[in-house]
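Hello,

Here is the structure I promised to pass on to you. Have a look at it first, and then read on for what I found.

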Amino acid sequence: MKKLSFCVAFATLAFTAAASAQSYPSRPITFIVPYGAGGPVDVLARLLAEPMRQKLGQPIVIENVTGANGTIGVGRAVRAAPDGYTVSIGNWPSHITNGAIYNLNYDIQKDLEPVARLSANPYVIVARKDLPASNVKELIAWLKANPGKATTGTAGLGSGQHISAVYFGKATGTSMQSVPYKSGSSEVIRDIVAGHLDMSFDQAITALQHVRNGSVKAFAVTSDKLLDAAPDIPSVDEVGAKGVYILTWYGLWLPKGAPKEAIEKIGDAARAALADPAVRAKLATLGQQIPPPEQQTAAALAAYQKAEIDKWHALIKEAGIKAP
């Protein structure tokens, strides 16, 4: 009987050990969104969460950690345990331009493990419905007639909206008053709809729904190509602001030292989500462009991120955009 009891106990211990060492993931995964609810990164995170849950077999919890143009949220992810259960989802401003603008207490490249490159979209120049301009030429004329008076909403110093406005102003000889918002794009677009702000350079993922329902007017997209989701909005090349190209892209990262298994499985789940016809259709309506599968890998994200840092950090320095 003792021998049998010992065998049972041993088997129980072995089963428990096997269970504790079961393959990743064995509990919910948290996505840290460094901007407010309803903004572009938040919208994308929530769109991907369910198909990724189905692939991973565990719930994905969205946590919005706002402030300082995304630096607080990214910092939270950097300091999280590198166990694969805290994911940093971010974009071009949060994981590229912030490194040139803010004195960060983390290194965007060295302290995070690339996991997957996601979709991308240009910005859309949008304005309140009653702004006295009906096209970009008239907008430029109005801005020149009111130098420094027009208000343009941004997600903070060095955000995509801010950088877009700076480059637009430089290219067209105009100037605007930047109004930063702690919660980011969702709050900016709400105030444009309400008429409290004159304009902004908003991401297609959040701007298009307001353009379609007529609550804001759209002047152009910051690209040399038209958006499939909104072919009636001209490119900046077509309307007198040639070369003002701004593309925000999105990605997933884990804290440095995360298990290889976690990187691979989260990356596989993200790529499966991006391949899902329903997800692709939804992203298309939001003006999102999905890179081919070979450009969605961790290695591809690492290479793309480095190239973007090399490009934009030099341009930001030249423009003199720097946090005090």
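This is a predicted model: local features need pLDDT of at least 70, side-chain atom pairs count only at pLDDT 80 or more; totals for chains, interfaces and linings use all residues.

Thr-222 sits in the loop that links strand E8 (216-221) to strand E9 (247-255). Is Thr-222 buried or exposed? With a relative accessibility of 2%, Thr-222 is buried, because the limit for that word is under 20%. Setting aside residues up to four places away in sequence, Thr-222 touches Pro-122, Tyr-123, Phe-201, Val-236, Val-244, Tyr-245 and Ile-246. With Ile-246 there is also a polar contact: a polar atom of the Thr-222 side chain lies 2.9 Å from the backbone oxygen of Ile-246.

Next, the nonpolar cores. The largest one has 44 residues, and the members that touch the most others are Ile-125, Leu-139, Ile-163 and Phe-168. Which residues does Leu-139 contact, leaving aside neighbours within four places in sequence? They are Ile-125, Leu-131, Ala-133, Phe-168, Met-199 and Phe-219. Another core, of 35 residues, lies apart from the largest one, and its members include Ile-29, Ala-45, Ala-49 and Val-115. As background, nonpolar side chains tend to be buried together in soluble globular proteins.

Strand E1 (residues 29-33) runs parallel to strand E2 (residues 60-64), and 5 bridges pair them. One of the residues involved is Val-33, whose bridge partner in E2 is Asn-64.

The peptide bond leading from Tyr-24 into Pro-25 is cis, its omega being near 0°.

The loop between E2 and helix H3 (71-79) holds Ala-68, and Asn-69 is found in the loop between E2 and H3 as well. Ala-68 is not a glycine, yet its phi is positive, at about 55°. Asn-69, also a residue other than glycine, has a positive phi near 55°.

Enjoy looking around, and do write back with any questions.

Best wishes

Note on methods:
Residues are numbered from 1 along each chain as its sequence is written. Side-chain values use heavy atoms; hydrogens and water are left out. A nonpolar core is a set of buried Ala, Val, Leu, Ile, Met, Phe, Trp, Tyr and Cys residues joined through side-chain atoms within 4.5 Å. Buried means under 20% relative accessible area, exposed over 50%, partly exposed in between (1.4 Å probe, protein chains only). Contact means heavy atoms within 4.5 Å. Two strands pair if DSSP finds at least two bridges between them. Helices (H or I, at least four residues) and strands (E, at least two) are DSSP runs, numbered from the N terminus. A polar contact is a pair of N or O atoms within 3.5 Å; within protein, one must be able to donate a hydrogen and the other to accept it, and residues adjacent in sequence count only if both atoms are side-chain atoms.
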